[in-house]
Amino acid sequence: MEMLVRILGVGAEWWVRPGPDPSDPLRFTKHAAYFNTTGFPHGSKNRRSWKIPGVLRFNGNSRIDPHHPNCVLGCVFGCVGITKHLGQNRLLAVGKRYGPLTPTHYLVCIDSRLHGYISFSTQWRNDGVTTVALSEHEGQQQALLLLSATGQFVSVAGVWRITRRNGEDQLLLTAEHKEHWA
């Protein structure tokens, strides 16, 4: 069954795997695969520092603009769920979905500098949260999390969940009976 995933956040690192035929004029567009994951700036590149390896994958025919990859933010994609490939978690975004859709899941990118540190050795989430990827480096974290509509997780800042505000799905922090929008 297809999941409808609204992408609310993506990781820091993007790369492309071109199609296999060097003479193909669509090798770097329609026949390519685009990947996103967690990581941290390291010079002119990003360092993955994976604790949980995983990627968000878009095939070239997924109707994304490879020159503006953040254009996927707020969009709903059809996905088949998280699979394993070469020891990594993989969430394949099959294609954009259009119309008045109600997402079944939400992809968020959590950065410890903005959302607070998560102690992954504790009971930090409910059954509605799955980790796609996690990077840690020098006391900082970045995680791609797939949340169902009832998914909640805890960081040092408090409890986070998805809610709808002003017609938009957003990540909400509930801490000490106060609400804070990320």
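User: Is Asp111 buried or exposed, and why?

Analyst: Asp111 counts as buried because its relative accessibility is 12%; buried means under 20% relative accessible area, exposed over 50%, and partly exposed in between, with a 1.4 Å probe and protein chains only. Bear in mind that this is a predicted model, where local features need pLDDT of at least 70, side-chain atom pairs count only at pLDDT 80 or more, and totals for chains, interfaces and linings use all residues. Residues are numbered from 1 along each chain as its sequence is written, and side-chain values use heavy atoms, with hydrogens and water left out.

User: What does the Asp111 side chain meet in a salt bridge?

Analyst: Arg113, at 2.7 Å from N to O. A salt bridge here is a side-chain nitrogen of Lys or Arg within 4 Å of a carboxyl oxygen of Asp or Glu. Arg113 counts as exposed, since its relative accessibility is 56%.

User: How many salt bridges in the count?

Analyst: Five by that rule. One of them joins Arg6 and Asp169, with the closest N and O atoms 2.7 Å apart. That pair links distant parts of the chain, 163 residues apart: Arg6 sits in strand β1 (residues 3–7) and Asp169 in strand β15 (residues 168–175). Strands are DSSP runs of E, at least two residues, numbered from the N terminus.

User: Which residues are linked with Asp169 in a network?

Analyst: Arg6 and Arg164, through salt bridges. The Arg164–Asp169 contact is 2.9 Å, N to O.

User: And which of those are buried or exposed?

Analyst: Arg6 and Asp169 are both buried, Asp169 with a relative accessible area of 10%. Arg164 counts as exposed, because its relative accessibility is 52%.

Methods:
Helix = DSSP H or I, 4+ residues; strand = E, 2+ residues; numbered from the N terminus.
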